Amino acid sequence: MKIEKNKVVALSYELEVEGKTVDKAGEDKPLDYIHGTGMLLPRFEQEVDGKEPGDSFEFTLDAGEGYGEYNPKYKFDIPKESFAGEDGAIREDLLQVGFIIPMVNSSGQVVQGRVAAIGEQTVTMDFNHPMAGKTLHFTGKVISVRDATGKELEQGLHGEFLPEEECSCGCGHHHSDCGCHSEEGCHHGEGHKDGECCHHGEGHEDGECCHHGEGHQGGCCHHHE
């Protein structure tokens, strides 16, 4: 069976960036997804389209074909009080450089921000995708291809088409499944679902909304519990 739209595909792969392996999924825990539903990068899906179990693949994506160029406008300071819990105390456990924190912008959208630096009164958050500006080199193999069930087409292979409120990080998974809180958890965590959680968000676009929203110093972006 060939890879085509609405097929459930399982792949092993390795992602190399700047000569280093930054993400991978082995045959024992492959990346599985429904082809043609926008869960992976468009160019990635194009490269594996039509392949069959046992076929290998290797290709390179530039920044434009991957996660876009790095934009310094999407990196800015947010008052520390925006990271307070219900009791009013600052969530110091979340404020660690490299952590990915779900936040809500002025439009009520959940966006992903990475803690870039921590000051006395502010936290520098970077809403660029972690792979923005990077050239991505993929190698891998097709493990299996099958038809998706009606339930999978409606809800997603891992529930990613369910309402976002079921997961506060907005990725369609529960936190126990996706580990969105740290960059390591998103890129090198157990299983491909971690990668999906971060790799397919639109934080770099929503970051502009936060950056230019009225009065972001007053909390345009605030921590999403």
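**Entry 1: Lys7 and its partners**

I looked up Lys7 in this predicted model and found a salt bridge with Glu4, the closest N and O atoms being 3.8 Å apart. I used the rule that a salt bridge is a side-chain nitrogen of Lys or Arg within 4 Å of a carboxyl oxygen of Asp or Glu. Lys7 is buried, at a relative accessible area of 10%, whereas Glu4 is partly exposed at 42%. For these words I took buried as under 20% relative accessible area, exposed as over 50%, and partly exposed as in between, with a 1.4 Å probe and protein chains only. I also noted that Glu4, Lys7 and Asp147 are linked in a network of salt bridges.

**Entry 2: conventions**

I number residues from 1 along each chain as its sequence is written, and side-chain values use heavy atoms, with hydrogens and water left out. Because the model is predicted, local features need pLDDT of at least 70 and side-chain atom pairs count only at pLDDT 80 or more, while totals for chains, interfaces and linings use all residues.

**Entry 3: Arg43**

I next examined Arg43, whose side chain meets that of Glu47 in a salt bridge of 2.6 Å, N to O. Both residues lie in helix H1 (residues 42-48), four residues apart, about one turn of the helix. Helices (H or I, at least four residues) and strands (E, at least two) are DSSP runs, numbered from the N terminus. Arg43 also forms a salt bridge with Glu65, with the closest N and O atoms 2.4 Å apart. This pair links distant parts of the chain, 22 residues apart: Glu65 is in the loop between strand S4 (56-61) and strand S5 (75-79), and Arg43 is in helix H1. Glu47 is partly exposed at 28% relative accessibility, and Glu65 is partly exposed at 28%. A search of the whole structure gave me nine salt bridges.

**Entry 4: aromatic rings**

I counted seven aromatic pairs. Rings of Phe, Tyr and Trp (its six-membered ring) pair if their centres lie within 6.5 Å; planes under 30 degrees apart count as stacked, over 60 as edge-to-face and the rest as tilted. Phe44 and Phe57 have ring centres 5.9 Å apart and planes at 70°, so the pair is edge-to-face. Phe44 lies in helix H1 and Phe57 in strand S4, so the pair ties together parts 13 residues apart in sequence. Both Phe44 and Phe57 are buried. I recorded one aromatic cluster formed by Tyr13, Phe44, Phe57, Phe59 and Phe138.

**Entry 5: the whole chain**

I found six helices and ten strands in the chain. Buried residues make up 44% of its 225 residues.
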